Amino acid sequence: MEKLMIRGGIPLRGTVQISGAKNSAVALLPAAILAESTVTLDNLPHLSDVAVYSDILQELGGTVTWNGDTIVIDPSAMKSIPMPNGKVKLLRASYYLMGAMLGRFGEATIGLPGGCNFEPRPIDQHIKGFEALGAQVTNDHGSVRIVAKELRGAKIYLDVVSVGATINIMLAASRAKGSTIIENAAKEPEIIDVATLLNAMGAKIKGAGTETIRIEGVDSLHGCRHSIIPDRIQAGTYMIAAAATRGDILIDNVIPKHMEAMTAKLQEMGVHVYEMDESIRIVGQPHYEAIDVKALVYPGFATDLQSPMTSLLTQAQGVSILSDYVYSSRFKHVPELTRMGASIRVEGRSAIVEGGPLTAAKVRAADLRAGAALVVAALTIPDGVTEITGVEYIDRGYDNLVDNLRMLGADVWREQE
Ligand code: EPU
């Protein structure tokens with residue numbers, strides 16, 4: 001196992017390129033299962049979750065070829081193979097195999113998903129959707145077994161706004177007979193990205209990005225070529241890191257519209273943010289105001305940026321309150337930040353942060369975004385070296401993190417634990 005070593009206190013300067021979005025990639029890869037000819041995906045991030053998904057597609061009988069950040073998937077010879085254990089347990093997003101395999105083969109047996117378990121993450125809305133489409137869902141020794149003689153379109157109201165359930169239902173419903181309407185659908189950019197791919201494969205999906213999505217089922221889907229949207233969470237993390245170190249960086253290959261909530265909150269603190277067509281410049285300032293942040297579903301402030309934002313708010317003057325209305329207890333970064341000298345207390349679904357300097361410490365990333373929070377915190381500390389273990393979580397979501405930070409002038413390296 002490796003650990004991340006950071007000697008902070010250096011304002012980040014320079015340009016960073018953002019890779020394709022993890023949370024799109026892990027839905028687009030299984031979506032390729034639905035096609036009957038070759039799907040090419042460009043702008044794929046180099047992340048452990050993507051590598052695991054590529055292996056899963058091969059285990060199902062697909063042919064997968066990599067060329068830089070392009071992947072070519074030939075799903076024509078894929079078979080419906082039960083996947084109770086193994087690689088599916090490494091990923092949260094293995095649940096997308098359910099919708100994709102159900103759509104293509106009429107059945108799927110998938111072990112309950114793994115991934116970042118910062119709190120219980122049920123999949124009842126996914127199951128509700130599959131059942132509404134006419135599938136029978138049973139628990140088969142800890143795996144979810146889903147079978148449908150015929151998938152029929154249905155009207156599905158999601159009780160909780162869920163990214164995963166919205167995408168999973170879109171995947172299965174693209175091959176159902178008749179029309180499906182998803183009400184109270186999630187509106188994240190990743191949902192639009194998946195709908196764009198499916199439509200390029202021949203699906204008939206309208207309304208992705210709004211709360212009502214209409215899907216007219218088709219008999220078959222074909223291959224296509226698609227470029228993945230930039231990763232708004234990686235981009236947001238670099239925005240935060242630049243502000244926290246009082247740096248001045250250009251973040252390239254972003255869609256500024258996806259960053260609106262982040263931009264607004266940084267500006268409210270006093271960070272200077274300049275938006276261009278496909279890039280954002282962040283100019284840090286010596287003093288920041290304390291602010292309140294509410295993590296909400298898109299277009300609200302992303303829950304995935306709540307943890308790194310907590311670290312930035314330790315650099316503001318006064319008391320800030322961060323509340324997470326997507327996950328009520330996503331605060332595994334807080335005890336570690338406290339070890340670094342932060343003054344933070346958790347009350348219900350809120351973290352109350354009192355600004356003040358941090359000190360270097362040995363800390364552990366308990367999940368992906370908690371890890372990002374520790375990296376941001378460490379980058380602000382001028383004396384000593386912070387050691388972060390649990391790097392395998394950070395590698396799930398940040399493409400090329402160490403090289404990118406070094407190019408921005410940070411003193412960061414990896415060591416064996
Ligand atoms: N929920 C239910 N029932 C369900 C599904 C969700 O109660 O059937 C609840 C969840 O417990 C949560 C809320 O609904 O409170 C939203 O969950 P959602 O389903 O939207 O989350 P997800 O699809 O499992 C994706 C991202 C997460 C991100 C969330 C919220 C992927 C692979 N993961 O998860 O990303 O936090 O949406 O935006 O797309 C990360 O990248 O670090 C990460 C955890």
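Predicted model: local features only at pLDDT ≥ 70, side-chain atom pairs only at ≥ 80, totals over all residues.
Colleague: How many salt bridges does the structure hold?

Modeller: The structure holds 20 salt bridges. Among them is the one between D55 and K87, whose closest N and O atoms are 3.6 Å apart. D55 sits in helix α2 (residues 48–59) and K87 in the loop between β5 (70–74) and α3 (96–105), a link between distant parts of the chain, 32 residues apart.

Colleague: Why does D55 count as partly exposed?

Modeller: Buried means under 20% relative accessible area and exposed over 50%, with partly exposed in between. D55 has 30% relative accessibility and therefore counts as partly exposed. K87, at 27%, is partly exposed.

Colleague: Are R330 and D304 buried or exposed?

Modeller: Both residues, R330 and D304, are buried. Their side chains meet in a salt bridge of 2.7 Å, N to O. R330 is in the loop between β18 (319–324) and α10 (333–339), and D304 is in the loop between β17 (292–295) and α9 (306–313), so this pair ties together parts 26 residues apart in sequence.

Colleague: Which residues does the UniProt annotation "binding site" cover?

Modeller: According to the unreviewed UniProt entry, the "binding site" annotation covers R92, R121, P122, I123, D124, Q125, D304 and V326. From this set, the lining of the largest pocket takes in R92, R121, P122, I123, D124, Q125, D304 and V326.

Colleague: Where is I123 found, and with which residues is I123 in contact, leaving aside its neighbours within four places in sequence?

Modeller: I123 is located in the loop between β6 (107–111) and α4 (124–132). With those neighbours left aside, I123 is in contact with R92, Y95, M98, L112 and V144. I123 is buried, at a relative accessible area of 10%. R92, one of these contacts, lies in the loop between β5 and α3 and is buried, with a relative accessible area of 11%.

Notes
Residues numbered from 1 in each chain as written. Heavy atoms only, no water. Salt bridge = Lys/Arg side-chain N within 4 Å of Asp/Glu carboxyl O. Helix = DSSP H or I, 4+ residues; strand = E, 2+ residues; numbered from the N terminus. Buried < 20%, exposed > 50% of the residue type's maximum accessible area, 1.4 Å probe, protein only. UniProt positions renumbered as here; feature names shortened; annotations may be inferred. 1 Å grid on protein atoms, 1.4 Å probe; cavity = no way out; pocket = protein on both sides within 12 Å on 5 of 7 lines; lining within 4 Å. Contact = heavy atoms within 4.5 Å.
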